Protein chains: 2
Amino acid sequence: MATIYDVARLAGVSTATISRYLKGERVRAEHAVADAIEELRFRPSPAARSLKLGTTHSIGVVVPDIANPFFAAVVKGAESIARSRGYSVFLFNTEESAEREEEVLAALADRVDGIILAPATEPADVSPVLRRAKPPVVFLDRELAKTDAFDSVLVDNADGARQAARHLFELGHERIGLISGPLDTTPGLGRHEGFLDELTRVGVEPSPDLIQIGDFRREGGYQCALRLLALKKPPTAIFAANNLMSIGALRALHAMSIRVPDEISFVGFDDLDLGEILDPPLTVIDRPMEEQGALAMRLLLTRIDAPNGAPPQRIVLETRLLIRSSTAPPAAPPQSAAPRRQKPRNQRKETSA
Amino acid sequence: MATIYDVARLAGVSTATISRYLKGERVRAEHAVADAIEELRFRPSPAARSLKLGTTHSIGVVVPDIANPFFAAVVKGAESIARSRGYSVFLFNTEESAEREEEVLAALADRVDGIILAPATEPADVSPVLRRAKPPVVFLDRELAKTDAFDSVLVDNADGARQAARHLFELGHERIGLISGPLDTTPGLGRHEGFLDELTRVGVEPSPDLIQIGDFRREGGYQCALRLLALKKPPTAIFAANNLMSIGALRALHAMSIRVPDEISFVGFDDLDLGEILDPPLTVIDRPMEEQGALAMRLLLTRIDAPNGAPPQRIVLETRLLIRSSTAPPAAPPQSAAPRRQKPRNQRKETSA
DNA sequence: TTGAAAGCGCTAACAT
DNA sequence: ATGTTAGCGCTTTCAA
């Protein structure tokens, strides 16, 4: 590999001149320098530059599970923005483990210019590693309790869940099962609360056994659904608080040969790739996934450029109810109330393929 | 950030001693050194080390589309191995673009200790950047024509496609449509050839209009399926050569209200997350996806440790036919042949959730 | 076993 | 506008 000295020698100038040329400053020997760089195929050593400048031009992106389509989309959006701005992304998969996350952060903190973090769990306070090293961090999808000190890009979980509840209620459902996420996570709690809030508001607050707390994983969704179905009075509708649990729950329904929406209506949070061609096509709460990643990266890069620019931001994206065919009025409406007329609030045209 | 000098001073020794301690050599002042490191929370600067050693302890992983579940799984497997061996992963998404890939490789070549590359397209020869910089590279899922000079981890595409063809033929299908991938890619060509080989072998080689060349993308699968269905004599079965095209094709079938497998049988290549709960559950050619990534990373790290150890390896993973319910004998068996009895070669128990 | 010191490749004073 | 040079933090020869 050619070094800046080789280039300087070949071009007949000093290394300072090369360095300046590289920065875009005007230099007299411009042409000779360009030629020398070209001829030697010179590429500045990132390590040397990093050592000198204290900057790496790389960003750490830490997610619980890259195989979760949501996080895959987030990473895609984030990487795209990063690359367009000359940054590279270090990807870390914590496998939903707080310990791994801690290790990862420790290794990461002084290796990158900034971090996008989707925490596996949500401890009361931010990791000591972050507290100390103080790299710019943007929290993604989850925020920490005492953390107005950090930027974050979230989604309006409560509102999304509220839309799901309202939709189900307007269809006439009154026994509605909730497959909730862990309550110690932002999306878990937010969706839980939003959902119950709305049901309470309309006066059909579910009994405790209709509320199953899952773990945002497939198997969890499966188990929760099973428990719901085993009830003496099973629900006429189910809302699952994330994509993976939706899949698990649908498998359970499938295993028990329960027809959707004839026997039970189903709403999921987060669209699935196959959402439209499932039988029936799934009604879901949708949100911009890649955009969430892209937004987080933009915010982070802005913060890196101006560490004390704006005060920490808390961006909240909107969700929307995507009505397909997994929801319908209950088969036998409870006698306590006449079935209400469905009045969709949001709807979008399905595009082909 | 504390430097090695701070630690040396605090421990009352020289930096050389600290460095040696860090390497695991025995030093007299062991305890004092450990304490100093602990107290100062010293972490060696990766940049400085990298500059001195010429090694980065990071690996570039380059994929065409991280949102494709296959590549997401690959990355997951690869990252896991890398992390367990103390390496970090730079993730690059080329968005199926050869130009982007070239840029990425140029930026990457002297920044990482090795590269796992799933090429977007397959040029006749390896990128000049790689030719020159000569970092260890493992090709994943795709290989280059003239490239026994590199390690690669592939899957037996031809055999997988053959299994699909045989399965369909054994069910009695004779008009079988193929939604193929691009023929200038390893998996595209391999699956194409394997499929047609087998059909030729059993004597039901399809007419050209039954072979649609897609692009491995969703929309491509959709269009190909549409073309197949528009035929005067549409096929009684379809094989789609990858996951995304399967999804597109299924959407097309769904849009046209064609019942599977009653009206048409369907086999996909690569399992889908929802494969089991689709209606009907999908018959697919399955392969170990995370393992493919993990294997590639292991191979790469081995190569990094011993650049001239073994000659370049070409690892080929097996696929297996996963028979579910999207395949059945044709509704009206062609009079030219009696329906054959289904004789599954491979089968696996479906696990719950 | 240990320390002194050179040097990895670059940038940015500072001097000219 | 350009050159000289110190120094970023580490590893490793070489000498002791």
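This is a predicted model: local features need pLDDT of at least 70, side-chain atom pairs count only at pLDDT 80 or more; totals for chains, interfaces and linings use all residues.
Two strands are said to pair if DSSP finds at least two bridges between them. Strands of a sheet pair through backbone hydrogen bonds, and they may do so in a parallel or an antiparallel sense.

The two strands belong to an open sheet of 6 strands in chain A, ordered E7-E6-E8-E9-E10-E12, in which the pairing is mixed. At the edges of the sheet lie strand E7 (211-213) and strand E12 (320-322) of chain A, each of which pairs on one side only. On average, and with direction ignored, neighbouring strands of this sheet are turned by 15° against each other. Helix H9 (residues 186-201) of chain A packs on the sheet, where it touches strand E6 (176-180), strand E8 (237-240) and E9 of chain A, and the direction of the helix makes about 165° with that of E6(A). Helix H11(A) likewise lies across E6, E8 and E9 of chain A, and runs at about 145° to E8(A).

With regard to the overall division of the chain, chain A is split into domain 1 (1-42), domain 2 (46-155 + 289-319) and domain 3 (157-287). The centres of domain 1 and domain 2 of chain A, taken over C-alpha atoms, are separated by 36 Å.

The arrangement of the two protein chains was examined next. Chain A is superposed on chain B by a rotation of 180° with 0.0 Å of shift along its axis, at an RMSD of 0.1 Å, which is the relation of a two-fold axis. In the interface, 40 residues of chain A are in contact with 40 residues of chain B. On the side of chain A that touches chain B, two or more residues each come from helix H4 (46-53), helix H5 (69-84), strand E2 (88-93), helix H10 (218-230) and helix H11 (243-255) of chain A, and H5(A) gives the most, with 6 residues. Sorted by class, this side of chain A has 21 nonpolar, 8 polar and 11 charged residues. Because 98% of the interface residues of chain A are also interface residues in chain B, the copies meet through the same surface. Strand pairing also links the chains, as E2(A) and strand E2 (residues 88-93) of chain B pair in the antiparallel sense over 3 bridges, with A:Leu91 standing opposite B:Val89 in E2(B).

By class, the surface near DNA strand C has 12 nonpolar, 7 polar and 5 charged residues.

DNA strand D is surrounded by 24 residues, and the closest are A:Val27, A:Arg28, B:Ile4, B:Ala16 and B:Ala48. At least two residues of the surface near DNA strand D are supplied by each of H2 and H4 of chain A and H2 and H4 of chain B. The residues of this surface divide into 12 nonpolar, 7 polar and 5 charged.

Key
Residues are numbered from 1 along each chain as its sequence is written. Chains are lettered from A and ligands numbered from 1 in the order in which they are written. Two residues are in contact if their C-beta atoms, placed from the backbone, lie within 7 Å. Helices (H or I, at least four residues) and strands (E, at least two) are DSSP runs, numbered from the N terminus. Ala, Val, Leu, Ile, Met, Phe, Trp, Tyr, Cys and Pro count as nonpolar, Asp, Glu, Lys and Arg as charged, and the others, Gly among them, as polar. Domain bounds come from an automatic or database domain assignment. A residue is near a molecule or strand if its C-beta atom, placed from the backbone, lies within 6 Å of it. Axes are lines fitted to C-alpha atoms, for helices over the stretch in contact, and angles run from 0 to 180 degrees between N-to-C directions. Copies are superposed by least squares on the C-alpha atoms of residues with pLDDT of at least 70 in both.
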